[in-house]
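Trainee: I have a structure open and would like to go through it piece by piece. Can we start with the strands?
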Amino acid sequence: MRVDWRHSLVGPRASRPHLLSEKGGRDARGPGPALLALSLIAGFSAQALAAEYIEGNERQKSRAYSPAVITEGGRIVWLAGQTGGNTGDFETQAREAFRQLDLTLKRAGGSLADMVTMTVFINDPRHGDRFIEMRKGFFPDGNYPASALITVSHFARPGLLIEIQGVAVIGG
């Protein structure tokens with residue numbers, strides 16, 4: 001994939017000459033979208049609010065996910081994919097992946113209850129229903145993260161059966 005820095009908000013400012021004015025390198029149009037976005041994020045962080053879980057229909061509830069989660073403020077934690085190691089059966093690996101997510105969130109000042117979305121990758125669709133039953137146990141209050149469950153053919157390491165990544169919002 002080729003990245004054209006002229007149309008990006010990231011990368012060295014000098015590589016984006018179309019955003020430079022004649023005076024001191026400031027954006028000729030004002031502070032710019034990136035600075036405005038950072039200002040908004042900083043403002044929201046000062047007034048962290050709890051997540052609002054949109055109630056799902058009966059099928060969504062039975063599958064233990066919310067169709068949407070609305071947040072304002074708080075600390076956003078982007079969680080890398082966690083696995084359960086390449087030993088043990090599916091349930092053992094799934095529990096370990098959730099344990100790793102929870103440990104990471106505790107280091108950030110939160111817990112699994114702060115997850116607002118997750119993407120779950122499994123290597124066998126026959127594990128899907130069991131995973132959903134397990135997920136219900138990790139979110140007993142019924143505030144389920146928005147979620148996608150995807151079947152993949154291979155993981156980065158042999159023996160892996162599941163990987164979970166997600167986003168959490170801490171503070172409220």
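Trainee: Which residue in β6 does methionine 115 stand opposite?

Mentor: Methionine 115 stands opposite alanine 168 in β6. Before going on, note that this is a predicted model, where local features need pLDDT of at least 70, side-chain atom pairs count only at pLDDT 80 or more, and totals for chains, interfaces and linings use all residues. Residues are numbered from 1 along each chain as its sequence is written, and side-chain values use heavy atoms, with hydrogens and water left out.

Trainee: In which sense do β4 and β6 pair, parallel or antiparallel?

Mentor: Antiparallel, over 7 bridges. Two strands pair if DSSP finds at least two bridges between them.

Trainee: And how many bridges join β4 to β5?

Mentor: There are 6, and β4 and β5 run parallel. In that pairing, threonine 119 stands opposite alanine 148 in β5. The chain gets from β4 to β5 through α4, and this β-α-β crossover is right-handed. Right-handed means that, with the strands pointing away from the viewer, the path from the first strand over the helix to the second runs clockwise.

Trainee: Why is β4 described as largely enclosed by the rest of the structure?

Mentor: Because 6 of its 8 residues are buried. Buried means under 20% relative accessible area, exposed means over 50%, and partly exposed is in between, using a 1.4 Å probe and protein chains only.

Trainee: New topic. How many residues does the largest nonpolar core have?

Mentor: It has 25, and the residues with the most contacts inside it include Phe98, Met115, Phe131 and Ile164. β3 (75-83), α3 (90-107), β4 (115-122), α4 (128-138) and β6 (162-170) each supply at least two residues of this core. Helix α3 gives the most, with 6 residues. The term nonpolar core covers a set of buried Ala, Val, Leu, Ile, Met, Phe, Trp, Tyr and Cys residues joined through side-chain atoms within 4.5 Å.

Trainee: What about the second core, who is in it?

Mentor: That one is separate and has 6 residues, including Val116, Ala146, Val167 and Val169. As background, nonpolar side chains in soluble globular proteins tend to be buried together.

Trainee: Back to Phe98. What is phenylalanine 98 in contact with?

Mentor: Leaving aside neighbours within four places in sequence, phenylalanine 98 is in contact with Leu112, Met118, Phe131, Arg135, Phe138, Phe139 and Ile164. Contact here means heavy atoms within 4.5 Å. Phenylalanine 98 is buried, with a relative accessible area of 0%.

Trainee: How many aromatic pairs does the count come to?

Mentor: The count is 3. Rings of Phe, Tyr and Trp (its six-membered ring) pair if their centres lie within 6.5 Å; planes under 30 degrees apart count as stacked, over 60 as edge-to-face and the rest as tilted. Phenylalanine 98 and phenylalanine 131 are stacked, at 5.9 Å centre to centre with 10° between the planes. Phenylalanine 98 lies in helix α3 and phenylalanine 131 in helix α4, so this pair ties together parts 33 residues apart in sequence.

Trainee: Why is the pair of phenylalanine 98 and phenylalanine 139 edge-to-face?

Mentor: Because the planes of the two rings are at 70°, with the centres 6.4 Å apart. Phenylalanine 139 is in the loop between α4 and β5 (146-151), 41 residues from phenylalanine 98. Phe98, Phe131, Phe138 and Phe139 form one aromatic cluster.

Trainee: Now charges. How many salt bridges are there?

Mentor: The count comes to 9, with a salt bridge being a side-chain nitrogen of Lys or Arg within 4 Å of a carboxyl oxygen of Asp or Glu. In one of them, arginine 63 meets aspartate 129 at 2.8 Å, N to O. Arginine 63 lies in the loop between α2 (58-62) and β2 (69-70) and aspartate 129 in helix α4, so the pair ties together parts 66 residues apart in sequence.

Trainee: Which residue does aspartate 102 form a salt bridge with?

Mentor: Lysine 106, with the closest N and O atoms 3.0 Å apart. Aspartate 102 is buried at 16% relative accessible area, whereas lysine 106 is exposed at 51%. Elsewhere, salt bridges that share partners join Glu55, Glu58 and Lys61 into one network.

Terms used
Helix = DSSP H or I, 4+ residues; strand = E, 2+ residues; numbered from the N terminus.
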